[in-house]
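This report describes selected features of one structure. Please look over the sequence and the model before reading on.

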Amino acid sequence: MAEAVRARVDAWCWAVRLFPTRSAAGAACRAGHVRVNGERAKPATIVVPGDEVHVRGGERERVVIVQRTIVKRVGAAVAVACYLDRSPAVPPREQVALAGVRERGAGRPTKRDRRELDRLRGRG
């Protein structure tokens, strides 16, 4: 296992299995979905033990504290030991808003419908 004192945030996120590929980790950094210590992170941003990394993706936000820095992908059991997970709890499936159900033949959603759905899901 290649352990380093410092590591790039995209390589570290991929190595600890927060992203399926390194290119996906880099793309998330460029899109502004990764923050290190509250600051927006570029793919080459350096992380060291003690840094707080926020990763936003899909329906969930992950908040992890770097425990060890690694640059090579490792098994899931070893990867979990490299960070301390401080992510908010996932809400129960019953509380998650369902996707908008439309009547058959009602056509595509309008902008107004989309905004209402986003507001309902807490994104607006």
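Which exposed residues does the face of α2 turned away from its buried side carry? The model is predicted, and the answer is S23 and R30.

## Helix α2

Helix α2 spans residues 22-30, and its buried residues are A25, G26, A28 and C29. Viewed down the axis of α2, these buried residues fall within an arc of 160°, so they line one face of the helix. The exposed residues S23 and R30 sit on the face turned away from that buried side.

The buried residues of α2 pack against two elements, α1 and β3 (34-36). After α2 comes G32, which has a positive phi, near 90°.

## The sheet

Five strands form an open sheet in the order β4-β3-β6-β7-β9, and their pairing is antiparallel. At the edges are β4 (39-40) and β9, each of which pairs on one side only.

Within the sheet, β3 and strand β6 (residues 52-57) run antiparallel and are joined by three bridges. V34 has V55 in β6 as its bridge partner.

## The aromatic pair

A pair of aromatic rings is described by the distance of the centres and the angle of the planes. One aromatic pair is found in a search of the whole structure. W12 and Y83 form this pair, with 6.4 Å centre to centre and 80° between the planes, an edge-to-face arrangement.

The pair links distant parts of the chain: W12 belongs to helix α1 (residues 9-15) and Y83 to strand β9 (residues 83-85), 71 residues apart. Both W12 and Y83 are buried.

Note on methods: Residues are numbered from 1 along each chain as its sequence is written. This is a predicted model: local features need pLDDT of at least 70, side-chain atom pairs count only at pLDDT 80 or more; totals for chains, interfaces and linings use all residues. Side-chain values use heavy atoms; hydrogens and water are left out. Rings of Phe, Tyr and Trp (its six-membered ring) pair if their centres lie within 6.5 Å; planes under 30 degrees apart count as stacked, over 60 as edge-to-face and the rest as tilted. Helices (H or I, at least four residues) and strands (E, at least two) are DSSP runs, numbered from the N terminus. Buried means under 20% relative accessible area, exposed over 50%, partly exposed in between (1.4 Å probe, protein chains only). The arc is that of the directions from the helix axis to the C-beta atoms. Contact means heavy atoms within 4.5 Å. Two strands pair if DSSP finds at least two bridges between them.
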